[in-house]
Every structure is written in C-alpha cells, then in structure tokens.
Amino acid sequence: DLLSARLTAEEAAQGWLRLFDGHTLFGWEIAGKANWRVEDGAIVVDSGDQCLLCTSLPWQDYELTLEFKADPGTNSGVFLRTPMTPEDPAIDCYEVNIAPADNPFPTASVVKREKASGVEAETADATWREMRMKLDGGQLDVSIDGQLACQYTDPIGLSAGRIGLQHNSGRVAFKNIRLRPLGLTTLLDADLSKWTKYPEMEGEFNVTDEGWLHVQGGKNQLESTASYDDFVLLAEYKLPRADINSGIFFRCIAGAEMMGYECQLSIEMNDGMPLSPADCGTGGIFRRQDARVVVGEVDQWNSVVLVAAGDKMAAWVDGLQVSDWQDDREPNENPRRGLRLEAGTIMIQGHDADTDAMFKQFAIVPIAKPPTE
C-alpha cells in the first residue's frame, strides 16, 4: 500500500520526504548492471557491476537519514552531490563509506577526504544501523546510531548532484531513506510584497489574520516578483472539498496568463480509488504526467514538495513521491508547448468560481545547476 509511506503532517510540514517508498524503485535510476531490487521493504543489492543506484534528481543542501544493514566484509557507501558515474570521490562527489574497520576509510568516513572515528564495525549478525548526514554548503556532518562520527569541511565545494547508493562488494540493504531540504525562504508575508496581483482578474488573493494566503473564486493568478529556474519548493495547503482545483505554476512567462509548467493541486479521485486521479492529482505535472496516487485529505493541511532541475520535475505529497517526469520536448519559451529551462516566475492559481484554497506555508530555495552528466 503506497499510502502507508505517507509521513505525519508535522514531518511533511517541515519538508521531510521519502526518497524510497518501501515498495518500488520509483524515483531512482540504476547506473550499471547490478541486481538492485526491493525485498521486505528494503533496497537490496549483492551482485553485479560496481555501480550506483541514484536519485533521478539532484539535491544540494539537506539532511538525509537512512538505515543500512551490511555484512561484515561489505564495502558500500552513500554518495552525495554525485554524478551517475563518479570518477574520483576526492573531486566529483562526497562518498560516505560503509566499510570494514580495516579499510582506510571505515564506515561513516568521507572517502579520500576525512576518516571517521569511534564507529563500531559491522557484526556477523548484520543488524540495522542508522546513518544521518547533514550537508549544508561545504559542511558535511555524519552520525551513526545517534553519535557524531565524522565532520568534513570542503574548502572548494560542489554544486547540486544526485544521491547514490553504492554496490561495490558484499551484500547491503537500505530502508527508511528520508530527506529534508535546507535553506528554504518563505514567499508569504502580510502584504504579499514578493508577489504581483492582477486585480482586473476575477478571483481574489488575501492574507488572513493568521498569516495564511486565501485563494477564492474566479480565474486569477498571483505571480512572484522573482524568477527561478532550478529550485525546491515547499507548500502547505488546504482544500475544503475534493472537487476544488488550484495549482502551482513555475518557469512562467512573466506577465502572461499562467504560461508555465503546472504542479496540480487536486485531491479528487475516480470512484474513491487513490490510484485513479480524476484531475491529474496533487503533485502531478498537469497534462504531462498524472500523480501515480492521490495523496491528501479533504479540509486538512497537506504538504507538497516540488523540485525542478533542468528538464526533470518531481513532487512529493505528505512525504510520498507522486511524480517523476522528464521533459523531452523541443525547446520553447512557453512550457505549455515545449521544454523551458530558462528561469521564470512562480504563479499560484485561482482556477474557477469554486476555488477556495488556503496556504499557510510557501517557501523556496534555488539550487545550483549540476555539471552536465
């Protein structure tokens, strides 16, 4: 049951999301011929080429937590800000090692950069252990089972890159892989000072006494004054009925009427079946890729994390990934017609006379473009 992977409302509102849903490899890409698979709610590999299993999207600054289980002789690792096929962990990525005690860089070390200390080696009965990584700018902190084991400061730094799980030698399993992006800045204030209104259009955008943005009746748009190309966006929203529709448009043509990509906001489903969205589903890229499952509750606060990185776009709702789309169309200034990589504005949509949507959080952080792979 995919919906069992949802996070609590509090966790989702903090931006936490699951990179692994516990059932499928949705959102991941395999870089070589190894037997990556899902077994008993975990990602497992134990034979084949030395290679990475990577997130389809790059990430920049974040907290990352996971559990791993490795046999005593296993050599594996978690790669951060990495290309699909890194060449040298001293230069083009950060490799947080999972390795025996006699390795030059034992578990929790940053390979070729910083050796960990005080970490117990894997035992013959191979138990689950927790790894927590915080990567913020050039600072990387690694903890194992709640104990800080390694701190590394990169004097040069790396741009955004994928997160990769490594098959090197031996059997390793990973589960409960969660991420929280860092550095998000709110776009909401009492005066909507970071937005352009269109009073000639029908609907209304108002800020309540609680500081929430209220979107009501009639077709309208609220447009950011700033433009963004690659970014992570977190919105916390509420729709009082299942048939109410709104959306978050991005990379828009400034001043035009919602000429951008659209991340749909709709919790309507066919015949009460979450796997059958009636109108694309929250987190779906409208008219491009429906959400694979409708997540969200009527008249409750729900959270969506939207990521745009080059020609790839994805969204998580209440921590569960629902879309993972790559725009392979010919380039065009208008994302309705083709691929747009250039920066554009963000727009919040008033869809029709019945629109009644509330936002109590709307925050964004740009991400640096990774090198071409």
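**Cysteines and aromatic contacts**

User: How many disulfides does the structure hold?
Analyst: The structure, which is a predicted model, holds zero disulfides.

User: Why is Cys-51 too far for a bond?
Analyst: The closest cysteine sulfur to that of Cys-51 belongs to Cys-54, and it is 8.9 Å away, which is too far for a bond. A disulfide would require the two sulfur atoms to be within 2.5 Å.

User: Are Cys-51 and Cys-150 buried or exposed?
Analyst: Cys-51 counts as buried, at 9% relative accessibility. Cys-150 is buried as well, with a relative accessible area of 3%. Both values fall under the 20% limit for a buried residue.

User: Changing topic: how many aromatic pairs are there?
Analyst: The structure holds eight aromatic pairs. One of them joins Trp-195 and Phe-362, whose ring centres are 5.6 Å apart. Their planes meet at 75°, so this pair is edge-to-face.

User: Where in the chain do Trp-195 and Phe-362 sit?
Analyst: Trp-195 is in strand E15 (residues 195-196) and Phe-362 in strand E26 (residues 356-366). The two residues are 167 residues apart, and their pair links distant parts of the chain.

User: Buried or exposed, those two?
Analyst: Trp-195 is buried, at a relative accessible area of 7%, and Phe-362 counts as buried at 0% relative accessibility.

User: What is the geometry of the pair of Trp-212 and Trp-301?
Analyst: Their ring centres are 5.1 Å apart with the planes at 75°, so the pair is edge-to-face. Trp-212 lies in the loop between strand E16 (204-207) and strand E17 (213-216). Trp-301 lies in the loop between strand E21 (261-265) and strand E22 (302-309). The pair links distant parts of the chain, 89 residues apart.

User: Is Trp-212 buried, exposed or partly exposed?
Analyst: Trp-212 counts as partly exposed, at 23% relative accessibility.

User: Which residues do ring pairs link into a cluster?
Analyst: The cluster consists of Phe-231, Phe-250, Tyr-261 and Trp-325, linked by ring pairs.

User: Last topic, charges over rings: which ring does Arg-178 lie over?
Analyst: Arg-178 lies over the face of Trp-16, 5.1 Å from the ring centre.

User: And where does the charged end of Arg-292 sit?
Analyst: The charged end of Arg-292 sits over the ring of Phe-26, at 4.0 Å from its centre.

Methods:
Residues numbered from 1 in each chain as written. Predicted model: local features only at pLDDT ≥ 70, side-chain atom pairs only at ≥ 80, totals over all residues. Heavy atoms only, no water. Buried < 20%, exposed > 50% of the residue type's maximum accessible area, 1.4 Å probe, protein only. Phe/Tyr/Trp six-rings, centres within 6.5 Å; stacked < 30°, edge-to-face > 60°. Helix = DSSP H or I, 4+ residues; strand = E, 2+ residues; numbered from the N terminus. Lys NZ or Arg CZ within 6 Å of the ring centre and 35° of its normal.
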